[in-house]
Amino acid sequence: FKVAQKQAAKTQPAEKTPEDEQLLADALSANFNLQRLTPLRQQHISDLIKIAWRQDFAPKQVLMNEGDLNADAFYIVREGQLELVGSEPFEVVPKGAVSYLSRAA
């Protein structure tokens, strides 16, 4: 799922199953980085779920580049795999049924 306010204004709200909504809610509430940036209350999470939409990607498609100041979205991966490359080490932090990225200490 892609969450971006700019494009969401141009896009019809995506149909989501209850399972999709739960995945999004779990991913948003479990992500320590997001919660540290701005504490997400239930209303915030509900609002973000409303503007999220499912988007399929081609193999090897670049979603964003490190340091891109025009990056206006974040992604919640429902299925499949992504290759992540960065200049600093990071780790995948599992939290329940979801995981998020964190810079390695």
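Modeller: We'll take a helix pair, then a hairpin, then an aromatic pair. Keep in mind that this is a predicted model.

Biologist: At what angle do α2 and α4 pack?

Modeller: About 130°, with the axes 10 Å apart. Helix α2 covers residues 18-30, and helix α4 covers residues 42-51.

Biologist: Why are they called oblique to each other?

Modeller: Angles over 145 degrees count as roughly antiparallel, and 65 to 115 as roughly perpendicular. The angle here is about 130°, so α2 and α4 are oblique to each other.

Biologist: Is the crossing left-handed or right-handed?

Modeller: Right-handed, as α2 passes α4.

Biologist: Which residues meet there?

Modeller: From α2, Glu21, Leu24, Ala25, Leu28 and Ser29. They meet Ile45, Leu48 and Ile49 of α4. By class, that contact has 6 nonpolar residues, 1 polar and 1 charged.

Biologist: New topic. How do β3 and β4 pair?

Modeller: In the antiparallel sense, over 6 bridges. Strand β3 is residues 90-95, and strand β4 is residues 98-103.

Biologist: What stands opposite Phe90?

Modeller: Arg103, in β4.

Biologist: And how many residues sit between the strands of that hairpin?

Modeller: There are 2. In this hairpin, Gly96 takes a positive phi near 65°.

Biologist: Last one. How many aromatic pairs does the structure hold?

Modeller: It holds 1. Phe57 and Tyr75 form it, edge-to-face. Their centres are 5.7 Å apart, with 75° between the planes.

Biologist: Where in the chain are Phe57 and Tyr75?

Modeller: Phe57 is in the loop between α4 and β2, while Tyr75 is in strand β2. They are 18 residues apart, and the pair links distant parts of the chain.

Notes
Residues numbered from 1 in each chain as written. Predicted model: local features only at pLDDT ≥ 70, side-chain atom pairs only at ≥ 80, totals over all residues. Heavy atoms only, no water. Axes fitted to C-alpha atoms, helices over the stretch in contact; angles between N-to-C directions. Helix = DSSP H or I, 4+ residues; strand = E, 2+ residues; numbered from the N terminus. Parallel < 35°, antiparallel > 145°, perpendicular 65-115°, else oblique. Left-handed = near helix turned anticlockwise from the far one by under 90°. Contact = heavy atoms within 4.5 Å. Nonpolar A, V, L, I, M, F, W, Y, C, P; charged D, E, K, R; others polar. Pairing = 2+ DSSP bridges. Phe/Tyr/Trp six-rings, centres within 6.5 Å; stacked < 30°, edge-to-face > 60°.
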